Amino acid sequence: METTSKQNTLIDLPEHARLWVYQSDRPFTKEEMVALEINLKNFIHGWAAHGNQLNAAFEILYDRFIILAVDERQAMASGCSIDSSVGLIRQIETQYQVNLLDKSQVAYLNNDTLEIIPFNKAKGAIGEGKIKKDTIIFNNAVASVGEWKNSWKQPAADSWMSRFFL
């Protein structure tokens, strides 16, 4: 009887699972997405901390976000295992000529199109009407699967941008 290993998704992990969001400064192409899926699956299957396999998952969303998560009930993500995930992200940056570690970019949905602007232009985008109170903003500071489910995407008026609405 043949058994197949099931690939976890973020939804499969408990709400307390640690999570990291990496936002690309450009969309990945279809070809890059296929290669990234393979690369990330291989990484997740081999991701370990002190010799213990980590119960982890990843998602690539909106062709721009790489999200990694790990359920630390099975094994804690150690400094070395976290460093290996950042090493993977740096490798992806080099291979695909993208920036995934720049936290100075704000992503939002304009209708169904993902837009990215520099953080220091957010107030101006509100003033110009590009970002409204109900515009969906991506909160990449979420640190758990539960936070990701509940507040990764939020209306601008409910986000850190609320101070710019009078």
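Buried means under 20% relative accessible area. The views below come from a predicted model.

**View 1. Trp152 and Phe65, two buried rings.** Trp152 has a relative accessible area of 3%, so Trp152 is buried. Phe65 counts as buried too, because its relative accessibility is 0%.

**View 2. An edge-to-face pair.** The ring centres of Phe65 and Trp152 lie 5.0 Å apart. Their planes meet at 85 degrees, so the pair is edge-to-face; the cut-off for that class is over 60. The partners come from distant parts of the chain, 87 residues apart. Phe65 belongs to strand E5. Trp152 sits in the loop between helix H4 (145–151) and strand E9 (153–155).

**View 3. A cluster of rings.** Ring pairs join Tyr62, Phe65, Phe138, Trp148 and Trp152 into a cluster. The count of aromatic pairs comes to 12.

**View 4. The largest nonpolar core.** This core holds 22 residues. Phe28, Leu40, Trp47, Ile66, Ile92 and Leu100 touch the most other members. Two or more residues each come from strand E1 (18–23), helix H1 (30–46), strand E4 (55–61), strand E5 (65–71) and helix H2 (79–96). H1 gives the largest share, five residues. In soluble globular proteins, nonpolar side chains tend to be buried together.

**View 5. Ile66 and its contacts.** Neighbours within four places in sequence are left aside here. Ile66 is then in contact with Trp20, Val21, Tyr22, Phe28, Leu36, Leu40, Glu59, Ile89, Ile92 and Leu100.

**View 6. A second, separate core.** This core has 17 residues. Among them are Leu10, Ile67, Leu114 and Trp152.

Conventions: Residues numbered from 1 in each chain as written. Predicted model: local features only at pLDDT ≥ 70, side-chain atom pairs only at ≥ 80, totals over all residues. Heavy atoms only, no water. Core = buried A, V, L, I, M, F, W, Y, C linked by side-chain atoms within 4.5 Å. Buried < 20%, exposed > 50% of the residue type's maximum accessible area, 1.4 Å probe, protein only. Helix = DSSP H or I, 4+ residues; strand = E, 2+ residues; numbered from the N terminus. Contact = heavy atoms within 4.5 Å. Phe/Tyr/Trp six-rings, centres within 6.5 Å; stacked < 30°, edge-to-face > 60°.
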